Amino acid sequence: MFIFVLIKHKKIYFYISVQVTEVHTKHHFNLHPYNSGNCKLYLKIGDNSISAAIFGNNGKLHEVCETIFASNPKNNDSQINELNFFLKDFDILKHSYSHVSVQILNRKFTLAPVAFAEKNIAELLTFNLGENHGSSIQKNLINSSICFAYACPQELISLTEKIFNTAVIKHTGASTIDLFLKLAPFKNQDLFLNIHGNLIELVIKKNNELLFYNIFKWDNNEDIVYFLLFTMEQFGLDPAKASVTIAANMPVTHELFVFIKKYVRNIQFFISRSIDIKTDDLPNHIYFNIINEHLCE
């Protein structure tokens, strides 16, 4: 048990965690020393992991950190406990932030036309997912015509807003789509494969218009290749000709990519300019969303 104390704007908040999910792995990278002044925080909260990137107001990436938790069954309290633990463990709140972006990564989402979403998105999401007891329905606009709606535990939203009262909260999927449609390195790419701990995102565009987005759960390399090839087939993308970009928290030499290259000829890894220090442990294509989100703000 630990007691997590936050003092903010002369108010004191106590968060008492009874049990923290077992930590599987931790990663921590210090890239540039901190300067005086406020920072910018980019936080991603998934079912089994939490990661953060901290930038200076000068655009320098100072720090990247991640905790991967054991993948045992969890409830809403588990995510609250994990977030509290993560913030305390890496001393995230020692800095002052001029901007905070929080991403939620889960499979509880749907996309719908904006005109339909204004009145019916909650009902549509509930219909797609089943009951959403204790969930908050959140919406992010992809563009003027597409709404990205998702469900998230209300307690997690409330805690996040209490700690970071000016935070911009969005689904990782909304971030991924935005980056895929707007960033120059994706200009001539047909498909983007974004690999997370136990989930993958697949995005397809044509003439810079979104054609497809979905999240799949994977357990082994064969799962990823199956979802990739099946999706390409559904949208008429030839594995010998289509241009595919990949981002993942894995080295480019990982056996998964050797496997993918047996079936897909034209693949490349996303190169983030935010990582300007060469290190084998932090290649340019990892932590895609939190490291590149600032480019579309």
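Here are a few friendly notes on this predicted model, from the overall fold down to its nonpolar cores.

1. Let's start with the overall build. The chain carries seven helices and 16 strands. Its radius of gyration is 19 Å, close to the 19 Å given by the globule rule for 297 residues, so the chain is as compact as a globular protein of that length. Along the principal axes, the C-alpha atoms fill a box of roughly 60 × 50 × 35 Å.

2. Next, the contacts along the sequence. Taking contacts with a separation of 6 or more, 62% are between residues 24 or more positions apart.

3. How much of the chain is buried? Buried residues account for 52% of the 297. The accessible surface is about 14700 Å², and carbon and sulfur atoms contribute 50% of that.

4. Now for the inside. In soluble globular proteins, nonpolar side chains tend to be buried together. Here the largest nonpolar core has 49 residues, and Leu43, Phe86 and Ile92 are the ones that touch the most other members. Helix α4, residues 172-182, gives the most to this core, with five residues. Apart from it lies another core of 27 residues, including Met232, Ala242, Val244 and Ile246.

5. Leu43 is worth a look on your screen. Leaving aside residues up to four places away in sequence, Leu43 touches Ile50, Ser51, Ala52, Leu83, Phe86, Ser101, Val102, Gln103, Phe164 and Ile290.

6. Finally, the charges. The chain has 27 positive and 28 negative charges, and their mean positions are 6 Å apart.

How values were computed
Residues are numbered from 1 along each chain as its sequence is written. This is a predicted model: local features need pLDDT of at least 70, side-chain atom pairs count only at pLDDT 80 or more; totals for chains, interfaces and linings use all residues. Side-chain values use heavy atoms; hydrogens and water are left out. A nonpolar core is a set of buried Ala, Val, Leu, Ile, Met, Phe, Trp, Tyr and Cys residues joined through side-chain atoms within 4.5 Å. Buried means under 20% relative accessible area, exposed over 50%, partly exposed in between (1.4 Å probe, protein chains only). Helices (H or I, at least four residues) and strands (E, at least two) are DSSP runs, numbered from the N terminus. Contact means heavy atoms within 4.5 Å. The radius of gyration is taken over C-alpha atoms; the globule rule is 2.2 Å times the number of residues to the power 0.38. Accessible areas come from the Shrake-Rupley method with a 1.4 Å probe; for residues, only the protein chains shown count as cover. Lys and Arg count as positive and Asp and Glu as negative; His and the chain ends are not counted. The place of a charge is taken as NZ of Lys, CZ of Arg, CG of Asp or CD of Glu.
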